[in-house]
Amino acid sequence: MGRVTLQGKFSNEVRAESFDFSGAIGAGDGITTVIVLCPVFTGVSTTPLTAIDVGFTGRVATCKLSGGTSGVVYDVLCTVTTVSGQTLNLSGYYYIKVLS
């Protein structure tokens, strides 16, 4: 599984994120399905981090992340299935910034 760098956000924001699978998907292959999960990595979440508007363009999976609890770190996992039957994962830590 590969790791990506994600920006993080405040709990009241909705942010677009992308996961570039270009290096793992060969010519003639492409993404058919995308699933994005947002489990807690550290902290106590009272409001889940939710992936909405999940999709893809070419070899890049996309979503918007909404919600989350201030001070919590989530481990956002993007899983794609390809035309050739591969299942590929990219993940990144996602910090919900504390409003001050």
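How many helices and strands does the secondary structure of the protein chain come to? The count is zero helices and nine strands, in a model that is predicted.

**Figure 1. The protein chain as a whole.** Along the sequence, the pattern reads β-β-β-β-β-β-β-β-β. The C-alpha atoms occupy a box of roughly 50 × 20 × 20 Å along the principal axes. Of the 100 residues, 36% count as buried. Among contacts with a separation of 6 or more, 68% come from residues 24 or more positions apart. The accessible surface is about 5,300 Å², and carbon and sulfur atoms account for 55% of that surface.

**Figure 2. The aromatic pair of Phe41 and Tyr93.** One aromatic pair is found in a search of the whole structure. Its members are Phe41 and Tyr93, in a tilted arrangement with 4.4 Å centre to centre and 45° between the planes. Phe41 belongs to strand S5 (residues 40–42) and Tyr93 to strand S9 (residues 87–97), so the pair links distant parts of the chain, 52 residues apart. Phe41 has 47% relative accessibility and therefore counts as partly exposed. Tyr93 is also partly exposed, at a relative accessible area of 41%.

**Figure 3. Arg3 over the ring of Tyr93.** Arg3 is placed over the face of Tyr93, 4.0 Å from the ring centre. Tyr93 is the residue that pairs with Phe41 in the previous view.

**Figure 4. Lys97 over the ring of Phe10.** Here Lys97 lies over the face of Phe10, and the distance from the ring centre is 5.5 Å.

Methods: Residues numbered from 1 in each chain as written. Predicted model: local features only at pLDDT ≥ 70, side-chain atom pairs only at ≥ 80, totals over all residues. Heavy atoms only, no water. Phe/Tyr/Trp six-rings, centres within 6.5 Å; stacked < 30°, edge-to-face > 60°. Helix = DSSP H or I, 4+ residues; strand = E, 2+ residues; numbered from the N terminus. Buried < 20%, exposed > 50% of the residue type's maximum accessible area, 1.4 Å probe, protein only. Lys NZ or Arg CZ within 6 Å of the ring centre and 35° of its normal. Contact = heavy atoms within 4.5 Å. Areas by Shrake-Rupley, 256 points an atom, 1.4 Å probe, with all protein chains shown as cover.
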